[in-house]
Structures are given as structure tokens and as C-alpha cells.
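Hi,

Here's the structure I said I'd pass on.

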Amino acid sequence: MSTFSIGFGGIVPTMSGKTDYGTSRRNTTSGLLGSISATDLMKTDFAPGLRFKGEWADFLGEPERNFYMIISSPPGHGKTTFCLRFANYLADNFGRVIFFENEMNQSRTKRIFEFIGEKVSPRLELNFNADNPASIERILRTGRYDFAFFDSIQMSNLDEKELWKMKKEIFPQMGIVAISFANGKGGIRGSIVKQHQGDISVIFQKPGIATTIKNRFGEVGREFEVF
């Protein structure tokens with residue numbers, strides 16, 4: 001059976017026989033740039049998704065490891081609390097996580113963890129100083145992390161194009177959670193392009209309740225009680 005890698009750059013054969021996340025668009029099977037035949041696609045083995053359990057499986061399904069999630073809420077609705085819980089869950093079960101925290105200081109973040117009441121994972125790291133694309137990229141290029149959270153993309157000074165380039169071209173293997181300010185109607189601030197780029201979009205329509213409005217890996221309209 002043919003084995004291919006899959007990523008934002010397309011699907012390509014893997015010479016090692018292992019499934020990974022590739023960025024090359026060259027496909028030796030078809031000879032066409034970025035192409036694969038439908039029959040080869042159906043023979044392809046892909047990396048398994050993240051096998052979430054319990055409330056996380058109910059809310060998000062089984063995302064691919066390099067999922068891209070966009071989260072938005074008005075102030076005080078619980079997006080940071082939700083994301084710290086999610087980051088801790090990922091670190092506890094699936095790999096190393098870096099959380100770029102540019103909205104909360106260290107003491108407030110500690111208070112949120114105390115409120116959550118869960119044992120924090122040693123594989124979750126927090127950074128309170130990297131507030132620009134260059135410093136963030138330098139940290140991610142160490143290769144230490146499987147997942148990255150940005151709270152928020154506005155406070156991290158990541159514009160839409162920089163964030164998408166980071167996700168698509170520089171770190172296509174990494175799972176990314178981008179936290180955004182809300183617009184005046186409570187939705188995701190920014191262009192409609194940003195909303196369509198994400199695999200999963202989550203908003204807070206009311207305090208303490210996260211809701212999926214887009215999910216390529218599960219049902220939309222699922223709710224998660226944060227507090």
C-alpha cells in the first residue's frame with residue numbers, strides 16, 4: 001500500500017514508508033505538481049487523529065495533530081480559562097505545548113490554574129515575553145513543541161498573513177490555537193478569510209460556554225462548559 005504524507009503543502013509519497021506531515025508539493029506518482037490520483041488517495045495511509053476522550057472528544061471529535069483552531073470571545077467570557085484547560089489536556093496526553101500569554105501576567109495565570117483545579121502538566125510551558133512574530137518564530141524553531149497557543153494574536157502582534165504563513169509554511173506539523181478578540185457582534189474579529197482558514201472555530205456566545213461554529217473533525221454547535 002502506498003504511503004503518503006499530508007500537510008498544508010499537499011500530499012506526497014514518503015520514502016521512509018511512514019506517514020508524516022509534509023510540505024513538498026512534488027508527487028512522483030502522478031508526475032504533476034501537487035497532484036495525486038483518486039485511486040492512490042484511497043490506498044493512502046494517513047496519520048491517526050488525536051484520540052480525545054470524555055468532554056474533549058464530545059466537543060472536538062478527533063482532530064488531526066496539526067489542527068488549526070481559532071477562538072474568540074468578548075472580555076471575561078472564559079476564553080483564556082478554556083485554552084489553559086485545553087493546553088494542559090494536550091500536554092498531559094499528546095505532546096509538548098507552548099502557551100504564549102500576552103494578555104495575563106504570571107500571577108493571574110496562576111490564579112486561573114488554581115480555579116481550574118487540575119494538576120498542571122510538566123510538558124506545558126508558558127511564555128510571557130514573546131510579543132512579536134520574530135521572537136515567537138525563534139522559540140518555535142527550537143523544535144521542542146507539538147502545539148502552540150497564542151493569547152491573543154492581537155497582543156502577540158501577529159497579523160492575519162503572518163499567522164497563516166506560520167501555520168502553512170513554517171510550522172505545518174504543529175497544532176495551533178489562535179485566540180482572537182471578538183468583533184462587535186461577538187464573532188471572530190478580522191476578515192472572513194481568517195474564519196475560513198481554521199479547521200475549528202470556537203466562540204463564546206455567553207459567559208462560560210464555548211461553542212463550535214465550525215469543525216472539520218466533529219459536529220458544529222457543540223457546547224463546552226468552562227465555568
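Below is what turned up, starting with the ground rules.

This is a predicted model, so to speak of local features we need pLDDT of at least 70, and side-chain atom pairs count only at pLDDT 80 or more, while totals for chains, interfaces and linings use all residues. Residues are numbered from 1 along each chain as its sequence is written, and side-chain values use heavy atoms, with hydrogens and water left out.

**Aromatic pairs**

Rings of Phe, Tyr and Trp (its six-membered ring) pair if their centres lie within 6.5 Å; planes under 30 degrees apart are stacked, over 60 edge-to-face, and the rest tilted. That gives 20 aromatic pairs. Take F52 and F86: the ring centres are 6.0 Å apart with the planes at 90°, so this pair is edge-to-face. F52 sits in the loop between α1 (38-42) and α2 (54-60), and F86 is in helix α3 (residues 79-93), 34 residues away. (Helices are DSSP runs of H or I with at least four residues, strands are runs of E with at least two, and numbering goes from the N terminus.)

F86 also pairs edge-to-face with F149, at 5.9 Å centre to centre and 75° between the planes. Since F149 belongs to strand β6 (residues 147-151), this pair ties together parts that are 63 residues apart in sequence.

Strands pair if DSSP finds at least two bridges between them. β4 runs parallel to β5 (residues 124-127), with four bridges joining them, and V97 has L124 as its bridge partner there. β4 is also parallel to β6, joined by five bridges, with E101 opposite D151.

β4, helix α4 (residues 106-116) and β5 form a right-handed β-α-β unit. Right-handed here means that, with the strands pointing away from the viewer, the path from the first strand over the helix to the second runs clockwise.

**E101**

A polar atom of the E101 side chain does lie 3.0 Å from the backbone nitrogen of M104.

Most residues other than glycine have a negative phi, and most peptide bonds are trans. The D151 to S152 peptide bond is cis, with omega near -5°, and S152 is in the loop between β6 and α6 (160-170). N157 lies in the loop between β6 and α6 too; its phi is positive, near 60°, and N157 is partly exposed at 47% relative accessibility.

Cheers

Methods: Polar contact = N/O pair within 3.5 Å; in protein donor to acceptor, adjacent residues only side chain to side chain. Buried < 20%, exposed > 50% of the residue type's maximum accessible area, 1.4 Å probe, protein only.
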